[in-house]
Amino acid sequence: MRTVSPFVAVDHCKEALERYRAIFGGETRILMERNGQVLQAELHLGNGMIHFADTAMAKPSAKGDHVKVMVEFDSEEALRKSYENLSVDGQIVVPVHQTNFGVVLANVTDWNGIGWILKYVQT
């Protein structure tokens, strides 16, 4: 196996991609576009990538609700900033907290219903 990456279907892919890029940074790559509408794209973050598809191309299934995307940050500050931005129009499932094993964690469901596990390993 070469790589594994999440595939996320969202409404209004172009706008969602811009919002996620504003939150996480990274580089975008548009894979398919029609009449100004982004149908498929990638958001490259560090060594990882999230593939986005507009729901016009990929009909999401309710069974996928248990899937979450985990993002590991380089700093607690970056984690907290993303946490705040993802929480806007979303839902905090588990607030940012310090674990007893040296990890800062949070769990947020964003405005698209996508679950995010945010992680920072303290050194």
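Select glutamate 42: at 10% relative accessibility it counts as buried (buried means under 20% relative accessible area, exposed over 50%, partly exposed in between, with a 1.4 Å probe and protein chains only). Before going on, note that this is a predicted model, where local features need pLDDT of at least 70, side-chain atom pairs count only at pLDDT 80 or more, and totals for chains, interfaces and linings use all residues. Residues are numbered from 1 along each chain as its sequence is written, and side-chain values use heavy atoms, with hydrogens and water left out.

Glutamate 42 and arginine 29 form a salt bridge, with their closest N and O atoms 3.4 Å apart (the rule: a side-chain nitrogen of Lys or Arg within 4 Å of a carboxyl oxygen of Asp or Glu). Glutamate 42 sits in strand S3 (residues 37-45) and arginine 29 in strand S2 (residues 27-34), so the pair ties together parts 13 residues apart in sequence. Helices (H or I, at least four residues) and strands (E, at least two) are DSSP runs, numbered from the N terminus.

By this rule there are three salt bridges. For another, pick aspartate 89 and arginine 19, which meet at 3.7 Å, N to O. Aspartate 89 is in the loop between H2 and S6 and arginine 19 is in helix H1, 70 residues apart. Aspartate 89 is exposed at 61%, while arginine 19 is partly exposed at 27%.

Then go to glutamate 76 and arginine 80, whose closest N and O atoms are 2.9 Å apart in a salt bridge. They are four residues apart in helix H2, about one helical turn.

Next, colour the open sheet: four strands in the order S5-S8-S7-S6, with mixed pairing (two strands pair if DSSP finds at least two bridges between them). Its edges are S5 (68-72) and S6 (91-98), each pairing on one side only. S5 runs parallel to S8 (residues 115-121), joined by five bridges. Zoom in on valine 71, which stands opposite leucine 118 in S8.

Stay on valine 71 for the last stop. Which residues are closest to the centre of the largest pocket? Of the 21 lining residues, they are Leu45, Gly46, Gly48, Val71 and Glu72. A pocket here is an open set of points on a 1 Å grid over the protein atoms alone where a 1.4 Å probe fits, with protein on both sides within 12 Å along at least five of seven lines; lining residues have an atom within 4 Å of a point. S5 gives the largest share of the lining, four residues.
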